[in-house]
Amino acid sequence: MRRTPATVAGRLLVILLTLLVSGCGQAPVRVTPNDFALDGPPRGHLTVLEKWADPEYAPYFEAAVREYERRNPGVSIDLQAVGDQPYKDRIAVLAASRKMPDIYFAWPGRYARKFADGRLAADLSEPLNGTGWGRSFEADALDAFTFDGRRYGVPLDMDAKVFAYSKEIFAQAGVTREPRTLPELLTACDRIAAAGRTPLAFGNQYGWPAGHLLTQFNAMEVPPAVLARDYDGDGGTEAFSHPGYERAFDDLARLRKHCMGPSGTSMSHESAQTRLLYGKAAMQYLETLEFSYLSTKGGAPAKFAADWDFFTMPAVPGAAGSPGAVAGGTDGLLVANSSPNKALAVDFLKFLTSPDQARKAVRDLGWLSAVKGTADAARLKGLPEAQRTLAAKDMALWLDTRADDKIVNPYLSAAEAVLGGRSSAAEAVRQVREGARQAHRFRVRG
């Protein structure tokens, strides 16, 4: 399950990389096409550092490395997998010493951009732009690692937020179809509450779930160009002044009032999920990555596992943003700019993201691949439909990876205050605007 990378170690990495690029006035180091051309059969040694150390994921990556080595006897790969927090600690140290692995993990958006701006990530535009390999990826996933028109990362998975719901509870409450607009969703919540059930199980103990909702509402309520400008810190004194930002907090407040029940939002996301699985709540706003937890193998009761479905956030009437936005993200791998084995690294990444290998990831890991047309390999209920649905949507990158920490932290605090009834939407926006002013004031420009 996804967690925000905006931790102490994450902030340390941002500081270290900022120091590397501050005052230099230089563009990221470019590479030439020859850097990606293998001279004969693949051979050499690669170091790979990633964060899928969990027993649920590690065997897949270990097997993929062994298979690539089997096909290419002249290649050896040192695969190192550590958990989220140890990864942030280690990559921060490696970035400071500029001793990067040949291939390494990155979250999308701001996190990955720091490696590009710090000249630590190779520009992969040449092997990706206009090539069959580049066209094999979902466009939004590839764009998540594209900065100033240059490609710096290879996406592996895709993840998005949807409402998973109990079809039985919907039917019992007289909700006969999935909501198509936000007002319809609020009306459905009222009917479910009148039937004696909690409409939406929502746990915001650690703050990030509210950030996901605001990621969604901001993308729907604010024009994309304005949103990108403000998230990037380029809004100046006008940052976060568009009325859509206040409307987004209003949307959050209305969802809280009609859907989240009287028990509050202080529980954990996992506790909220238990309420969904055991019939205490009708819905939960969760990630497609969590579909595995809705199966019997993942611990769900058989009754629920056989009788759930999902829908994306319905349209917000009168909104000025993207009506087809969906909060989500992708995880990816970068190639070190300093690597003497860029061509070999790219060849391995091509193997790892080949259609056959991507289908294995979908089948074995239960996640959506960033490679097009691979969800047909899914064993998990919901994944094929999710990929078809998301292909027609606009991915709105998680707020906490897209925007500056000085903006993210006030945002999450303001969201918690709105959810708790301690702040109005107007007051919440003022808090965010103050964070944006601070981010602009202390921004380091290359």
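In this predicted model, the side chain of T215 reaches the backbone nitrogen of L399 at a distance of 2.8 Å. T215 belongs to helix α10, which covers residues 208–221. Because its relative accessibility is 2%, and the limit for a buried residue is under 20%, T215 counts as buried. Beyond its neighbours within four places in sequence, T215 is in contact with A327, A396, L397, W398 and L399. A248 is 33 residues from T215 in sequence, and their C-alpha atoms are 9.2 Å apart in space.

The sheet comes next. Five strands form an open sheet with mixed pairing, in the order β2-β1-β3-β12-β6. Its edge strands, each pairing on one side only, are β2 (75–81) and β6 (153–155). On average, neighbouring strands of the sheet are turned by 25° against each other, direction ignored.

Strands of a sheet pair through backbone hydrogen bonds, in either a parallel or an antiparallel sense. Here β1, residues 44–50, pairs with β2 in the parallel sense over seven bridges, and L46 has I77 in β2 as its bridge partner. Helix α2 (residues 58–71) packs on the sheet, where it touches β1 and β2, and its direction makes about 170° with that of β2. Helix α15 (residues 342–352) also packs on the sheet; it touches β1, β2, β3 (103–106), β6 and β12 (332–335), and its direction makes about 60° with that of β1.

Strand β3 has partners on both sides. With β1 it pairs in the parallel sense over two bridges, V48 standing opposite I103 of β3. With β12, β3 pairs in the antiparallel sense over four bridges, and there the bridge partner of I103 is V335.

Which way do the side chains of β3 point? I103 and F105 point one way, while Y104 and A106 point the other way, and all are buried. In a regular strand the side chains alternate between the two faces of the sheet.

Y104 leads on to the packing of nonpolar residues. In soluble globular proteins, nonpolar side chains tend to be buried together. The largest nonpolar core of the model has 85 residues, and those with the most contacts inside it are Y87, Y104, F115, F291, L294 and F348. Helix α15 gives the most to this core, with seven residues. L294, leaving out residues up to four places away in sequence, touches A164, L276, L277, L286, A300, F304, A305 and W308. Apart from this core lies another, of 58 residues, among them L186, V222, L255 and A325.

Two loop residues have a positive phi without being glycine. D148, with phi near 55°, lies in the loop between β4 (146–147) and β5 (150–151). F240, with a phi of about 60°, lies in the loop between α11 (224–231) and α12 (243–259). Is each of them buried or exposed? D148 is exposed, because its relative accessible area is 61% and the limit is over 50%. F240 is buried, because its relative accessible area is 1%.

Technical notes. Residues numbered from 1 in each chain as written. Predicted model: local features only at pLDDT ≥ 70, side-chain atom pairs only at ≥ 80, totals over all residues. Heavy atoms only, no water. Buried < 20%, exposed > 50% of the residue type's maximum accessible area, 1.4 Å probe, protein only. Contact = heavy atoms within 4.5 Å. Polar contact = N/O pair within 3.5 Å; in protein donor to acceptor, adjacent residues only side chain to side chain. Pairing = 2+ DSSP bridges. Axes fitted to C-alpha atoms, helices over the stretch in contact; angles between N-to-C directions. Core = buried A, V, L, I, M, F, W, Y, C linked by side-chain atoms within 4.5 Å.
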